[in-house]
Each structure stands twice: as C-alpha cells, then as structure tokens.
Amino acid sequence: QVQLGQAGGGLVPPGGSVRLSCTASERIGTSYNMGWFRQRLGTGREFVASFRWSDGRTDYHESVKGRFTLSRDNAKNTMYLQMNSLKPEDTGIYYCAAALTLADPYKFWGQGSQVTVSS
C-alpha cells in the first residue's frame with residue numbers, strides 16, 4: 001500500500017509561482033505512472049500532468065503547458081510540480097496520484113494541497 005504525502009501550496013498572487021511535492025512511502029517503481037490532478041470549485045477532478053517513471057516522459061494538460069513543470073528526486077521518492085505564471089483559474093486542490101503500471105488506473109492518492117491564486 002503506497003502512501004503519498006504532499007507538501008506545498010498556499011496563497012499566491014497572479015503571475016506567481018509555487019512548488020508542490022509528492023513523496024511516496026516506498027520506492028517508486030520503474031513501472032509506475034505518477035500524476036497530478038486538480039479539483040476546482042464546482043468541477044470534477046481533472047488531469048494536470050503525468051510522469052512516466054520508467055523514462056521520465058511527461059505529459060501536460062494544454063492549459064498548463066509551458067507554465068507547469070514536473071521533476072523528480074529518485075533518492076527521496078519524490079515528484080515535484082513547479083507551477084509558474086499562475087492564473088486565478090489555477091486555483092483548486094491539487095492531488096498527486098500513483099498507478100502501478102501504465103495500464104492501471106491511478107490507485108493511490110495524496111491528501112491534496114490547496115493552491116489559491118489571488119491578489
């Protein structure tokens with residue numbers, strides 16, 4: 001049972017930056033697919049970005065391309081989401097998630113991190 005612990009987030013002005021982290025309770029296997037999702041007010045959970053752990057391939061939702069960047073620290077079993085040029089519409093609760101393989105659904109979820117973009 002993988003546990004994901006999140007850190008980061010908070011209140012950020014428009015145009016600002018914040019970094020979220022997601023740390024796994026055990027080594028992240030090379031078959032894992034890691035992801036970030038967000039839930040904005042009045043909407044369902046939506047895909048933000050994914051990180052294929054085997055080769056480092058990343059994918060981003062069109063709305064965050066060029067502004068958000070995924071990175072990782074294997075030694076710390078941690079994935080990061082660097083969020084730049086933030087907009088008010090980026091406000092929401094951000095969740096990291098892990099799937100054991102690319103063919104599996106996301107099974108393990110972090111506790112969520114609130115990001116509020118407001119002046």
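Keep in mind that this is a predicted model.

**Exercise 1.** Find the residues that ring pairs link into a cluster.

*Solution.* Start by looking for aromatic side chains whose ring centres lie within 6.5 Å. Ring pairs join Phe37, Phe47, Tyr106 and Trp109 into a cluster. By this rule, the count comes to five aromatic pairs.

**Exercise 2.** Classify the pair Phe37 and Phe47, and work out which parts of the chain it ties together.

*Solution.* Step one is the geometry: the centres of Phe37 and Phe47 are 5.9 Å apart, with 75 degrees between the planes. Planes over 60 degrees apart count as edge-to-face, so that's what we call this pair. Step two is location: Phe37 belongs to strand β4 (residues 33–39) and Phe47 to strand β5, so the pair ties together parts that are ten residues apart in sequence. Step three is burial. Phe37 has a relative accessible area of 11%, so it is buried, because the cut-off for buried is under 20%. Phe47, at 28%, counts as partly exposed.

**Exercise 3.** Which rings does the charged end of Arg45 sit over?

*Solution.* Take one ring at a time. The charged end of Arg45 sits over the ring of Tyr95, 4.0 Å from its centre. It also sits over the ring of Trp109, 4.6 Å from that centre.

**Exercise 4.** Is Ser50 buried or exposed, and which residues does it contact beyond its neighbours within four places in sequence?

*Solution.* First place Ser50: it's in strand β5 (residues 45–52). With a relative accessible area of 10%, Ser50 is buried. Leaving aside those sequence neighbours, its contacts include Asn33, Met34, Arg57, Leu70 and Tyr106.

**Exercise 5.** Look at the backbone of Asn77 and Ser85, and say what phi does there.

*Solution.* Asn77 isn't a glycine, yet its phi is positive, near 50 degrees. Asn77 sits in the loop between β7 (68–73) and β8 (78–83), and it's buried at 18% relative accessible area. Ser85, also not a glycine, has a positive phi of about 50 degrees. You'll find Ser85 in the loop between β8 and β9 (92–99), where it is partly exposed at 42%.

Key
Residues numbered from 1 in each chain as written. Predicted model: local features only at pLDDT ≥ 70, side-chain atom pairs only at ≥ 80, totals over all residues. Heavy atoms only, no water. Helix = DSSP H or I, 4+ residues; strand = E, 2+ residues; numbered from the N terminus. Buried < 20%, exposed > 50% of the residue type's maximum accessible area, 1.4 Å probe, protein only. Contact = heavy atoms within 4.5 Å. Phe/Tyr/Trp six-rings, centres within 6.5 Å; stacked < 30°, edge-to-face > 60°. Lys NZ or Arg CZ within 6 Å of the ring centre and 35° of its normal.
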